[in-house]
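Please open the model in a viewer and keep the selection panel at hand.

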Amino acid sequence: MAQFRLQGSKVLAVDIAGDAVKAKNGAMVAYDGTMAFKKMTGGGEGLRGMVTRRLTGEQMTVMEVKGHGTCWFADRAAEINLVSLTGDKLYVESSNLLCTDSALRTGTTFTGLRGASQGNGLFTTTVEGTGQVALMSDGTAVVLRVTPQYPLIVDPGAYIAHQGNVQQTFQSGVSFRTFVGEGSGESFQIRFEGDGLVYVQPSERNTIGGEI
């Protein structure tokens with residue numbers, strides 16, 4: 001299995017010994033050894049994945065990297081966070097996914113109103129199995145614990161990913177933009193309940209209220 005390690009906080013080094021990884025297309029910045037690169041479509045595998053992506057817009061252009069040596073990956077100086085999966089499932093925004101072990105299965109799942117509030121589709125990407133995942137964030141990501149006693153409310157623009165036995169629902173709420181007069185329409189928040197982890201970034205994507 002490929003070995004993931006960080007060099008600084010913004011460069012991912014992957015040691016490959018005859019196996020393969022899947023990475024965001026164009027994110028490779030250097031490599032040594034002997035490598036083969038193959039462009040492929042991610043965000044869901046097989047015919048069902050292809051149809052789902054066309055319907056939802058959760059499109060990912062990825063490449064498979066296979067060989068012997070080390071590859072270094074980075075994307076627009078984003079911070080990189082490593083997540084180890086042991087047979088569980090990670091839900092992640094496709095724009096925040098940098099690299100995965102090739103053995104991990106990717107797909108799409110319905111997310112509901114969060115996508116509608118942002119106008120960028122109603123689905124998010126899933127990564128499942130045993131192996132490592134590299135996530136990107138705009139600024140240093142924070143990992144927040146959700147417990148049955150303490151639900152978590154997250155701004156959809158700051159959400160990156162979540163894992164564990166967690167249920168998410170969508171509720172109307174108040175955002176900072178509402179107070180500064182830049183909100184337009186109804187604000188939405190994601191409510192997480194159960195037992196698991198939620199990854200958030202300190203910088204928000206475009207939401208229904210626009211950028212601050």
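A polar contact is a pair of N or O atoms within 3.5 Å; within protein, one must be able to donate a hydrogen and the other to accept it, and residues adjacent in sequence count only if both atoms are side-chain atoms. The model is predicted, so local features need pLDDT of at least 70 and side-chain atom pairs count only at pLDDT 80 or more, while totals for chains, interfaces and linings use all residues. Residues are numbered from 1 along each chain as its sequence is written, and side-chain values use heavy atoms, with hydrogens and water left out.

Select Thr124, in strand E8 (strands, E, are DSSP runs of at least two residues, numbered from the N terminus). A polar atom of the Thr124 side chain lies 2.9 Å from the backbone oxygen of Val92. Thr124 counts as buried because its relative accessibility is 0% (buried means under 20% relative accessible area, with a 1.4 Å probe and protein chains only).

A nonpolar core is a set of buried Ala, Val, Leu, Ile, Met, Phe, Trp, Tyr and Cys residues joined through side-chain atoms within 4.5 Å.

Next, display the largest nonpolar core, which has 19 residues; among those with the most contacts inside it are Leu12, Phe73 and Cys99. Strands E2 (12–24), E4 (60–73), E6 (97–101) and E8 (123–137) each supply at least two of its residues, and E2 gives the largest share, five.

Finally, select the cysteines. With a disulfide defined as a pair of cysteine sulfur atoms within 2.5 Å, the count is zero. Cys71 is in no disulfide, and its nearest cysteine sulfur, that of Cys99, is 8.6 Å away. Cys71 is buried at 0% relative accessibility, and Cys99 is buried at 1%.

Note on methods: Buried means under 20% relative accessible area, exposed over 50%, partly exposed in between (1.4 Å probe, protein chains only). Helices (H or I, at least four residues) and strands (E, at least two) are DSSP runs, numbered from the N terminus.
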